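The paragraphs below go through a structure step by step, beginning with a single chain and moving on to how two chains meet. Please keep the sequence and the model in view while reading.

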2 protein chains.
Amino acid sequence: MKTVCLISGGLDSFVSAGIARKDGYELYGLTIDYSQKHKKEIEYAKKIAGFLNVDEHKIITIDLSFLSSALTSRNIKIPEKPVTGIPVTYVPARNTIFISLALAYAENINADAIYLGINHIDYSGYPDCRPEYIEAYQKLINIATQKTVKGGRILLKTPLVSLSKSEIILIGNSMHLDFSLSWSCYKGEEKACGKCPSCVIRLKGFEKAGLKDPLEYK
Amino acid sequence: MKTVCLISGGLDSFVSAGIARKDGYELYGLTIDYSQKHKKEIEYAKKIAGFLNVDEHKIITIDLSFLSSALTSRNIKIPEKPVTGIPVTYVPARNTIFISLALAYAENINADAIYLGINHIDYSGYPDCRPEYIEAYQKLINIATQKTVKGGRILLKTPLVSLSKSEIILIGNSMHLDFSLSWSCYKGEEKACGKCPSCVIRLKGFEKAGLKDPLEYK
């Protein structure tokens, strides 16, 4: 059994890929270099792929710098603290694009599943992180490819979708994942900032889990 | 009203975009350079975008050369005649990827629609050209983006989906589209080959429509 694992370089997709390995899949890592402002997460994705000893790690480059988002546009500032509603870090259709690329890769290697680290608890503002979004995408996949119309299955697996950050960290910890290899900070500086919404959620998760984050902060 | 029109350089997407203009939309052209074996269709997409006087023509480059298909892999030969079933020219998840990129673009410019020239009559073998595929994608779109979850609509429009090639040609002709600006041949040589499945379908379509194809053939 093979699976494509989307590996962003962050903590969630690391744990999701760890679960895929535990579930007995051969791992094919996929990272998308989509002109995010910093390349730090690509470096960390490579470290994670190495740690997980994936069969292959594919990095696909696509220039999405024309999209308005704090993660892609230099004109929109990364927020300094968590916000309510859909945040400025939302990238139009990003997960729809990422899953479509994972689907192409999965069909190409005859994989049975795609593992995603998406989660709608801590990021409830993102429309493309919700369970109903995943259900709709699964229905599309079931009729979208040569493999699936011939009766094969490509399952969209989102083991973390309804877990809190501390639960995700505890699961990763139980699998002995080295979290110092994952990068969550929206900024690409030498050390994580500890202040952006992504750092704040991560740090609170570690605190609640009763663990120390091994990543270095400013 | 704005729409994103996927413009491949071929005849169908040209007519589809022409219909979008007739329907009263401002046109935003999108062409995907996905490492297809030849770049001829990109050149023709530019000619079409110019002819239609689109507000913007975006070309997104993405390296899909790792996918097994006669259109992307040098190891798989373009078939010399039409085949039954899913042809070797099928590219895994290609339309799912293209529509996801069109969706990102549409949301970014606050467009109301995406026009696609897909058709399931002449290419019945492609799973991602069928009406049920489009319906499933529309359902996904309705919950996938910031715009659509807030009550806005991004409609997937496929005006050609159930038309024959000759009907498509007649519609394009009635709108005075210059078909010499469209390229259908799977080969990227100086002149169209006239023999590959795509050329054969096009030539038969013109014949049945009682019109002369203005494109030069070998």
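A residue is called buried here if 20 or more other C-beta atoms, placed from the backbone, lie within 10 Å of its own. In this model, which is a predicted one, buried residues make up 53% of the 218 residues of chain A. Of the contacts in chain A with a separation of 6 or more, 71% are accounted for by residues 24 or more positions apart.

The secondary structure of chain A consists of 7 helices and 5 strands, and read from the N terminus these elements follow one another as β-α-β-α-β-α-β-α-α-β-α-α. The radius of gyration of chain A is 16 Å, close to the 17 Å that the globule rule gives for 218 residues, and chain A is therefore as compact as a globular protein of that length. Taken along the principal axes, the box filled by the C-alpha atoms of chain A comes to roughly 50 × 40 × 30 Å.

We now turn to the pair of chains. Two copies of a chain are related by a rotation about an axis and a shift along it.

Through which surface do the copies meet? Since 100% of the interface residues of chain B are also interface residues in chain A, the copies meet through the same surface. Chain B and chain A each bring 34 residues to the contact; on the side of chain B, at least two residues are supplied by each of β3 (56–61), α3, α4 (131–144) and α5 (146–149). Sorted by class, this side of chain B has 21 nonpolar, 7 polar and 6 charged residues.

One part of the contact can be followed helix by helix. The axes of helix α3 (residues 94–108) of chain A and helix α3 (residues 94–108) of chain B come within 9 Å and cross at roughly 170 degrees; because angles over 145 degrees count as roughly antiparallel, α3(A) is roughly antiparallel to α3(B). From α3(A), the contact is made by A:Thr96, A:Ile97, A:Ser100, A:Leu101, A:Leu103 and A:Ala104, and from α3(B) by B:Thr96, B:Ile97, B:Ser100, B:Leu101, B:Leu103 and B:Ala104. By class, this contact of α3(A) with α3(B) holds 8 nonpolar and 4 polar residues, and no charged ones.

Technical notes. Residues are numbered from 1 along each chain as its sequence is written. Chains are lettered from A and ligands numbered from 1 in the order in which they are written. This is a predicted model: local features need pLDDT of at least 70, side-chain atom pairs count only at pLDDT 80 or more; totals for chains, interfaces and linings use all residues. Helices (H or I, at least four residues) and strands (E, at least two) are DSSP runs, numbered from the N terminus. The radius of gyration is taken over C-alpha atoms; the globule rule is 2.2 Å times the number of residues to the power 0.38. A residue is buried if 20 or more other C-beta atoms lie within 10 Å of its own, exposed if 12 or fewer, and partly exposed in between; C-beta atoms are placed from the backbone. Two residues are in contact if their C-beta atoms, placed from the backbone, lie within 7 Å. Axes are lines fitted to C-alpha atoms, for helices over the stretch in contact, and angles run from 0 to 180 degrees between N-to-C directions. Angles under 35 degrees count as roughly parallel, over 145 as roughly antiparallel, 65 to 115 as roughly perpendicular and the rest as oblique. Ala, Val, Leu, Ile, Met, Phe, Trp, Tyr, Cys and Pro count as nonpolar, Asp, Glu, Lys and Arg as charged, and the others, Gly among them, as polar.
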